[in-house]
Amino acid sequence: MLLNKTREVPDSDVFTILSSPRRRHTLEYLRRHDERVALRDLAEAIATVESGENPAPRGVRHTVYVSLHQTHLPMLDEAGVLAYDADRKLVSLLDSARDVERYMTMTTAFGVSWAEYYRALGVVGLFLVVAALANLPVIAAIPPLAWASTFLATFAISSAYQLWGQRGGLLRTLF
């Protein structure tokens, strides 16, 4: 649940927040969950990412839990990015988390940024259309309009996929 506390996060604070992989993982996890999250669930998810094991070893889960509780969540709460109820051990994003999220690189499932993906798609599409217009063997067998249509459709499908993956963030922005 994204709470509606609007407070702008200064760029200097944003860079401090993003300097820790654990804080970045925290924000990514909370962005994917539209409700309040229990600290235990958050710590388990981050420990799984950090250890590469599912479930993460007990010691790693404990270390992550303690560092989130004592350091990272209070710092993010003080910065106004999330609300952390230390007594009930519940965490939720605030509206101002958008100030930080815009600096986080969006990547595809393959670890390539969306910008790199779209750039490569455009270059390959342009090359194939020009090659078809230049009557290069094999490529010219397919009309340039078919190549262009295929790549425009791929752009549209990719954009829809990307928007679907960000639906929680987009819904927060709209409402």
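What share of the 175 residues in the chain is buried? Buried residues make up 35%. The model is a predicted one, and the points below take its parts in turn.

1. **Overall layout.** The secondary structure comes to eight helices and three strands. Along the sequence they follow the pattern α-α-β-α-α-β-β-α-α-α-α. Take contacts between residues at least 6 apart in sequence: 61% of them join residues at least 24 apart.

2. **Surface.** The chain has an accessible surface of about 10,700 Å². Carbon and sulfur atoms account for 60% of that surface.

3. **Main nonpolar core.** The largest nonpolar core holds 26 residues. Inside it, the residues with the most contacts are I17, L42, L68, L73, V81 and V100. Elements giving two or more residues to this core are α1 (11-18), α2, α3 (39-51), α4 (58-78), β2 (82-85), β3 (90-93) and α5 (97-101). Helix α3 gives the most, with five residues.

4. **V100 within that core.** V100 is one of the residues with the most contacts inside the core. Set aside its neighbours within four places in sequence, and V100 is in contact with V9, V14, I17, L18, L27 and V81. Two of these partners, I17 and V81, are also on the list of residues with the most contacts in the core.

5. **A second core.** A separate core of eight residues is also present. Its members include L121, L128, A132 and I139.

6. **T26, a threonine at 0%.** Is T26 buried or exposed? T26 counts as buried, because its relative accessibility is 0%, and the cut-off for buried is under 20%. T26 is found in helix α2, residues 21-32. Beyond residues up to four places away in sequence, T26 touches L42, I46, L68, L73, L76 and L82. Among these partners, L42, L68 and L73 are also listed with the most contacts inside the largest core.

7. **S92 in strand β3.** S92 is found in strand β3. S92 counts as buried, with 3% relative accessibility. Which residue sits ten places from S92 in sequence and 5.6 Å away in space, C-alpha to C-alpha? That residue is L82. L82 is also one of the residues that T26 touches.

8. In one, E50 pairs with R22, and the closest N and O atoms are 2.6 Å apart. E50 lies in helix α3 and R22 in helix α2, so the pair ties together parts that are 28 residues apart in sequence.

9. **Salt bridge R88 to D85.** R88 forms a salt bridge with D85. Here the closest N and O atoms are 3.9 Å apart, against a cut-off of within 4 Å. R88 counts as exposed, at 53% relative accessibility. The cut-off for exposed is over 50%. D85 is partly exposed, with a relative accessible area of 27%.

10. **Aromatic pair Y117 and Y118.** The count of aromatic pairs comes to two. Y117 and Y118 form an edge-to-face pair, 5.4 Å centre to centre, with 65° between the planes. Y117 counts as partly exposed at 28% relative accessibility. Y118 is buried, with a relative accessible area of 18%.

11. **Aromatic pair Y118 and F155.** Y118 and F155 form a stacked pair, 5.7 Å centre to centre, with 10° between the planes. Why does this pair tie together parts that are 37 residues apart in sequence? Y118 lies in helix α6 (residues 114-133) and F155 lies in helix α7 (residues 144-165). F155 is partly exposed, with a relative accessible area of 27%.

Note on methods
Residues numbered from 1 in each chain as written. Predicted model: local features only at pLDDT ≥ 70, side-chain atom pairs only at ≥ 80, totals over all residues. Heavy atoms only, no water. Helix = DSSP H or I, 4+ residues; strand = E, 2+ residues; numbered from the N terminus. Buried < 20%, exposed > 50% of the residue type's maximum accessible area, 1.4 Å probe, protein only. Contact = heavy atoms within 4.5 Å. Core = buried A, V, L, I, M, F, W, Y, C linked by side-chain atoms within 4.5 Å. Salt bridge = Lys/Arg side-chain N within 4 Å of Asp/Glu carboxyl O. Areas by Shrake-Rupley, 256 points an atom, 1.4 Å probe, with all protein chains shown as cover. Phe/Tyr/Trp six-rings, centres within 6.5 Å; stacked < 30°, edge-to-face > 60°.
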